Amino acid sequence: MQRGLPMQPTVVLLKEGTDASQGKPQLLSNISACLAIAETLASTLGPRGMDKLIVNERGEAQITNDGATILKLLDIVHPAARTLVDIARAQDAEVGDGTTSVVLLAAQLLKEVRTLIEEGVNPHIIMKGFRQASQLALQRIKELQITVDKSDPERFRSLLLKCASTSMSSKLIHSEKPFFSKMVVDAVECLDQDDLDESLIGVKKIAGGGLQDSLLVRGVAFKKTFTYAGAEQQPKHFIDPLVLCLNVELELKAEKDNAEVRVDAVSDYQAIVDAEWEIIYRKLEAIEMTGAKVVLSKLPIGDLATQWFADRDIFCAGRVAAGDLRRVVQAVGGAIQSTCSDIGKEHLGTCGLFEERQIGGERYNIFEDCPKAKTCTLLLRGGAEQFIEEVERSLHDALMVVKRAIRNGEVVAGGGAIEMELSAYIRKHALNIPGKLQLVIAAFAKALEIIPRQICDNAGLDSTDILNKLRMKHANGEVWYGVDVDGASGVRNNMDAFVWEPSLVKINAISSASEAACLILSVDETVRNPQSEQQNAGPKAPPGTAQRALRGRGRGMGRR
């Protein structure tokens with residue numbers, strides 16, 4: 001009798017309920033998730049892009065067309081699609097602009113090679129092709145980019161204004177481009193040109209008024225802090241005052257909160273109270289001796305100290321935000337002191353003018369004509385709160401673009417011009433490559449056309465017609481021709497029309513999009529832990545823990 005084959009034991013590797021999907025369907029599913037995100041963002045690209053209204057779980061609404069902000073607010077849970085969120089954030093942190101472009105480009109690269117994957121082409125061949133094409137694109141940008149001569153300040157400033165206005169052309173504030181471009185360039189020029197730390201540009205939002213009421217303070221402005229009654233008797237206007245910045249509390253503490261004192265006689269208790277008053281008076285007198293007329297502290301300044309300063313014509317403000325105090329020190333000089341003794345002249349700062357000014361419904365403390373001014377403050381006005389927040393995001397993008405232009409000084413034409421040129425160049429190069437790589441590199445070239453195509457679609461133009469015109473122009477060597485959303489022909493030389501962008505924005509976008517596409521193509525299996533499906537699922541307690549806790553012998557296993 002023939003013996004049967006031995007039974008194979010069942011091997012259980014993963015926890016029950018674990019979802020493991022792999023192979024080609026998994027890869028195609030990841031690509032579809034990325035395309036769904038790109039579809040959401042596509043309508044926000046370009047000067048005629050639309051805005052998104054996003055409401056969070058607390059019912060707060062935000063209106064924006066900034067790619068990185070939209071992706072942050074959407075709270076995406078698909079693991080592969082989160083890669084696109086990461087590249088948008090990285091683009092925002094590195095260059096500040098081009099966040100929508102980088103997501104669209106990465107998704108389009110995946111869309112173009114989807115048919116190749118369905119036909120069984122190995123993902124590694126596609127990744128190799130993408131890396132080659134990406135290198136070609138970056139080399140071509142470096143060949144074409146135009147370096148601006150920094151020796152002529154007027155020409156260089158006009159370049160920065162062009163870059164700032166190109167960045168704003170797709171934002172809500174595009175109607176006020178000349179006004180805000182000038183403000184952004186002035187703000188960046190206030191900074192230390194070697195360091196260019198954009199965190200030293202303060203942005204304060206004040207509801208009310210029109211956009212044109214926004215102003216740039218060449219120094220520091222911050223909202224009036226919480227004050228006690230004596231503050232109204234203090235002078236609010238000084239010319240050339242000495243400014244002292246402290247990290248010291250000038251306030252009497254209630255004894256019951258802080259200490260337990262055992263005394264034998266009432267006089268002993270009185271001596272303790274007197275000593276405390278003596279300490280604070282000594283601090284105040286030491287501050288007055290320095291000759292400072294404006295005293296700022298990160299910690300509270302109490303009612304006693306406020307009145308004492310008011311009697312001596314000294315202005316004081318306590319609970320000043322750490323960021324504002326840092327910028328005040330950058331502007332007026334001196335240093336933040338943690339003690340009131342041994343304060344010399346070198347520890348004090350000065351400014352040309354200090355005043356408290358009413359702006360809209362708020363009072364602001366403003367330091368102007370600062371000798372060390374390597375900082376400035378943008379005071380933004382506008383109707384709705386969401387609108388001012390979007391203005392702030394738009395200006396952040398423009399500030400970053402201007403900063404990069406100063407740092408690098410190389411520009412290319414925007415409006416889809418550089419993408420069309422790269423597409424034509426890579427497509428031509430692909431013809432010399434044998435085998436499947438030719439298809440992949442040609443797919444990369446076609447994917448680059450998504451930027452001009454989407455700009456046309458969002459502006460209501462015939463994208464097929466305009467892309468054919470652009471292909472013809474680029475085939476004839478017109479490298480800077482791009483989309484013109486205003487003109488009758490739909491195409492123009494964007495370098496001559498001053499639609500300029502720092503080449504770093506494009507270099508970063510293409511390399512990030514290519515890397516993200518390669519990363520998603522390299523994933524062939526997703527193993528999803530069943531716990532990750534439940535919201536806030538913590539580790540389970542061992543069996544019997546609850547009974548032990550109830551009996552009082554054990555404590556139950558806390559969440560790790």
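**Strands and the helices around them**

Modeller: T147 sits across from E410 of β17. The model is predicted, so local features need pLDDT of at least 70 and side-chain atom pairs pLDDT 80 or more, while totals for chains, interfaces and linings use all residues. Numbering starts from 1 along each chain as its sequence is written, and side-chain values use heavy atoms, without hydrogens or water. Helices (H or I, at least four residues) and strands (E, at least two) are DSSP runs, numbered from the N terminus.

β4 and β17 (residues 410-413) pair antiparallel through two bridges; pairing takes at least two DSSP bridges. They belong to an open, antiparallel sheet of three strands, ordered β4-β17-β20. β4 (146-147) and β20 (500-502) are the edges: each has a single partner strand, so one side of each lacks a neighbour in the sheet.

A second open sheet has three strands in the order β5-β16-β6, with mixed pairing. Here β5 (201-207) and β6 (215-217) are the edge strands, each with a single partner, so one side of each has no neighbour in the sheet. The twist averages 20 degrees from one strand to the next. β6 and β16 (residues 376-382) run antiparallel, joined by three bridges. V217 has T377 of β16 as its bridge partner.

Two helices pack on this sheet. α7 (residues 177-190) touches β5, β6 and β16, contact being heavy atoms within 4.5 Å. Its direction makes about 160 degrees with that of β16; angles run from 0 to 180 degrees between N-to-C directions. α12 touches β5 and β16, at about 145 degrees to β16.

α12 (385-408) leads on to α3, whose buried residues pack against it and against α1, α2, α4 and α17. Buried (under 20% relative accessible area, 1.4 Å probe, protein chains only) in α3 are T83, L84, V85, I87, A88, Q91 and D92. α3 (residues 82-94) has 13 residues and spans 18 Å between its first and last C-alpha, close to the 18 Å expected at 1.5 Å a residue; the expected value is 1.5 Å times one less than the residue count. G96 follows α3, with a positive phi near 85 degrees.

α13 (residues 417-430) packs with α16 (residues 463-475) at about 65 degrees, axes 10 Å apart. A417, M420, E421 and A424 of α13 meet L467, L470, R471 and H474 of α16.

Conventions: Buried < 20%, exposed > 50% of the residue type's maximum accessible area, 1.4 Å probe, protein only.
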